[in-house]
Amino acid sequence: MSEQFEPVIVGFLCNWCSYRAADLAGTSRIKYAPNMRPIRVMCSGRVDPQFVLKALLEGADGVMIAGCHPGECHYVEGNIKTLRRFSLLQRLLRQWGIEDERVQLVWASASEGNLLAAAVDRMTEQVRALGPLRWRDTVLGGNGHVHEIPVELVPAGEEV
Amino acid sequence: MSEERVGVYICHCGTNIAGTVNVEEVSHWAGEQPHVVIARDYKFMCSSLGQELIEQDIKEHGLTRVVVAACSPHMHEKTFRGATERGGLNPFLFEMANIREHDSWATNDKEMATQKAKALVMGAVERVVHHQPLEPLPVDINPNSLVVGGGIAGISAALELANAGYHVYLVEREPSIGGHMAQLDKTFPTLDCSACILTPKMVEVGQHPNITLLSYSEVENVAGYIGNFTVTIRKRARYVNESLCTGCGICEEKCPRKVIDEVFEAGLSFRKAIYRPFPQAVPKFPVLDVANCTYFERGKCKACQIFCPTEAIDFEQQDQLIQVQVGNIILATGFDLFDARRVPQYGFGRLANVFTSLEFERMVNASGPTGGKIVLRDGTTQPESIAIVHCVGSRDKNYNEYCSKVCCMYSLKFAHLVHERVPNAEVYNFYIDMRTPGKGYEEFYHRLLHEGTHFIRGRVAEVTDSARMPGEEGKLIVQAEDTLIGKQRRIPVDMVILSTGLEARHDSKEISLLFGMGCDFDGFFVERHPKLDPVATMTEGVFIAGACQGPKDIPDSVCQGAAASARVSSLISRGTILMEPVRAHIEAESCSGCRICNNMCPYNAIVFHEDTKVSEVITALCQGCGTCVAACPSAAITGAHFTNIQVLSEIEGILWDVRERVAVPV
């Protein structure tokens with residue numbers, strides 16, 4: 001592999017829009033960063049915050065949650081629930097010092113392969129710039145139990 | 001560690017996968033992973049030999065789980081589930097890793113692609129170990145169907161189904177069925193009279209015992225799923241009692257109010273405030289246009305009511321909400337014409353003698369505003385020269401990038417009709433490319449070449465009335481580069497016809513949401529597969545036909561209407577279908593009765609039992625999105641085939657290579 005840091009991003013793609021967007025990107029032979037590893041869920045609303053935490057804990061440098069555009073959800077409004085959960089999750093992650101760019105929510109309809117590919121490219125570069133996460137090492141003190149959160153990792157203005 | 005025995009199959013897909021991913025390496029590596037008993041790579045896993053490989057291995061190696069790394073599960077999940085089942089396993093003990101669409105086709109970096117393929121395979125292996133055998137859910141299909149849109153596509157769909165003996169509800173927004181085809185004069189390339197071939201079909205629809213025609217109506221709500229849709233239709237008030245009206249037309253005759261007919265006559269003629277769009281309208285009942293009715297404006301007039309011989313006029317009539325139960329839905333909502341005003345340099349709306357194609361279509365129609373005479377906007381002068389501008393709003397990045405498919409042919413038809421009606425007129429067709437694919441279409445083009453039409457290859461830059469040289473005064477000047485001779489040309493003409501393209505309906509987005517399916521960037525409905533499944537949609541039980549899917553001419557629309565109804569017929573005659581058992585289930589013992597999930601469910605599929613204080617999922621209503629599963633604070637809800645342990649294991653597997661990066665394992 002090349003010398004530069006290749007981030008690993010776990011993508012949770014909803015079956016109806018974004019998974020098919022990724023299918024379409026492939027079918028259209030749109031080339032994008034191979035750093036995102038997709039996991040299919042029926043709806044982005046299925047993405048339990050613990051999936052995101054698990055992925056980060058297991059060594060992912062970033063997590064992308066992708067769903068149908070708001071108002072276009074195959075299950076009427078599952079993605080709205082994702083949106084609400086996501087903003088809560090992001091506040092939580094911030095308190096652990098995880099940068100916003102590492103966990104992103106993306107909307108891509110089944111016909112927007114190019115959009116999804118561009119989002120993966122963009123996110124890969126953002127996470128590459130941030131460097132490896134190594135969450136277990138840096139935040140959780142190496143053994144899976146929280147000791148203390150290093151002060152420099154807490155963004156200003158966030159209560160711990 | 002579990003005792004599951006997993007077989008892993010890596011597909012080359014010719015060179016589609018093997019050209020980028022080192023399949024031998026992945027398969028060799030997979031063979032050394034935990035749980036994996038056997039790993040193979042094969043040229044085409046989806047071939048019958050590939051599938052037999054799986055079946056044999058299940059029997060010979062005692063496999064209990066199968067993983068195929070190939071294309072998207074949307075392509076071949078069914079195929080391999082079948083192979084797994086034939087091997088003697090429950091079909092859901094199979095998992096697919098998408099290493100083609102999501103990997104080999106998405107990158108040129110062979111090393112990274114191989115690494116990603118390994119991760120996806122590992123994710124699938126870790127996941128499949130936790131798979132549970134599942135049984136598909138049988139669902140009964142209601143034999144009644146709904147067809148939305150009464151254009152030629154909807155008519156042909158409705159008739160096919162009705163003739164097969166199934167009941168159809170046909171919903172049409174306008175007062176009459178017929179759609180755009182009813183407005184046309186002739187059809188290319190045979191020059192059949194459009195009304196003559198359409199109206200018998202319309203009458204058949206109107207009289208068919210198996211068709212309930214709901215005109216002047218719109219679908220307001222759709223609930224349910226394949227086999228069991230409940231559709232709410234708003235039947236707008238016509239202010240005419242349909243059981244009394246004989247369609248005699250006296251009300252129309254006596255109505256004192258003239259209104260410009262913007263819809264059917266494209267603004268070239270008048271209709272009354274109570275009207276039928278055209279004499280052959282089906283149903284025959286007129287519609288009272290409240291916005292223009294003197295009685296509704298000023299409280300007096302009632303001429304229609306006074307003269308109606310059967311007392312059918314009912315000013316008190318209200319919109320009706322009708323609920324119907326159907327098993328399948330066919331959408332044939334058609335297209336809108338491109339608004340020529342959006343191309344200001346062509347002068348429509350500013351220069352009197354610039355016409356749109358629909359205006360001209362009405363003009364040449366024997367039952368149209370001029371009785372079929374081709375005249376200028378003044379209503380009397382016959383034009384001596386006519387320019388027909390192709391591709392207005394089509395094949396243009398500023399408007400629509402796509403080709404509208406029908407404009408070349410109808411422009412040729414116009415040229416022919418001009419030659420026929422105004423024998424001495426000069427006709428200039430300005431085209432970018434002449435697109436005439438279709439039976440008899442190219443021959444029609446040749447016929448026009450012989451009829452003396454001037455064909456100028458070049459997109460028109462401008463239509464103007466400012467004369468620069470003698471001979472241009474009082475004329476419209478069409479300026480274009482003739483790309484065949486490489487020169488700018490200015491052609492003075494009396495009349496310009498803009499061949500406007502086809503666009504998706506202005507409200508196609510809302511319609512697609514209503515029926516829970518997708519539309520593309522241009523607003524056309526998205527088919528399940530562009531090549532192999534052109535009339536089905538991503539939503540089971542919802543089909544599309546005609547120009548709502550993309551620009552189409554009449555024969556294509558008829559084909560799609562019939563095709564969609566064939567799909568529906570096969571579902572009806574099957575009676576029941578098996579649905580994916582991807583459903584949520586609440587473990588009553590673990591449920592704390594917090595009721596968080598109750599509000600999460602978009603289908604109201606979760607009920608709360610007051611007596612036992614626990615919630616329960618109604619399996620028939622559950623669609624399997626899993627939103628409740630993610631929300632349950634007690635982890636009491638299981639989402640079959642997407643359980644927590646399955647997804648969490650997949651996460652572990654997909655991160656197999658970076659997990660080792662972690663310093664201290666837990």
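A contact here means heavy atoms within 4.5 Å. Among contacts in chain A between residues at least 6 apart in sequence, 78% join residues at least 24 apart.

The model is predicted: local features need pLDDT of at least 70, side-chain atom pairs count only at pLDDT 80 or more, and totals for chains, interfaces and linings use all residues. Residues are numbered from 1 along each chain as its sequence is written, chains are lettered from A in the order in which they are written, and side-chain values use heavy atoms, with hydrogens and water left out.

The predictor gives the complex an ipTM of 0.89 and a pTM of 0.84. Chain B has a mean pLDDT (the predictor's confidence in each residue, from 0 to 100) of 94, and 99% of its residues reach 70 or more. Over residues 662-666 of chain B the pLDDT is below 50.

**Chain A**

Chain A has 5 helices and 4 strands, taken as DSSP runs of H or I with at least four residues and of E with at least two, numbered from the N terminus. Along the sequence they follow the pattern β-α-β-α-β-α-β-α-α. The strands form an open sheet in the order β2-β1-β3-β4, with parallel pairing; two strands pair if DSSP finds at least two bridges between them. At the edges of this sheet are β2 (36-41) and β4 (103-107) of chain A, each pairing on one side only. Strand β3 (residues 62-67) of chain A pairs with β4(A) over 5 bridges, and A:I65 stands opposite A:L105.

Of the 160 residues of chain A, 59% count as buried, which means under 20% relative accessible area, with exposed over 50% and partly exposed in between (1.4 Å probe, protein chains only).

**Salt bridges**

A salt bridge is a side-chain nitrogen of Lys or Arg within 4 Å of a carboxyl oxygen of Asp or Glu.

| Pair | N to O distance |
|---|---|
| A:E58 and B:R659 | 2.6 Å |
| B:R81 and B:E77 | 3.6 Å |
| B:D494 and B:K475 | 3.0 Å |

The pair of A:E58 and B:R659 crosses between chains, from the loop between α2 (49-57) and β3 of chain A to helix α19 (residues 656-659) of chain B. A:E58 is buried at 6% relative accessible area, whereas B:R659 is partly exposed at 32%.

B:R81 and B:E77 both lie in helix α3 (residues 73-86) of chain B, 4 residues apart. B:R81 is buried at 9%, and B:E77 is buried at 11%.
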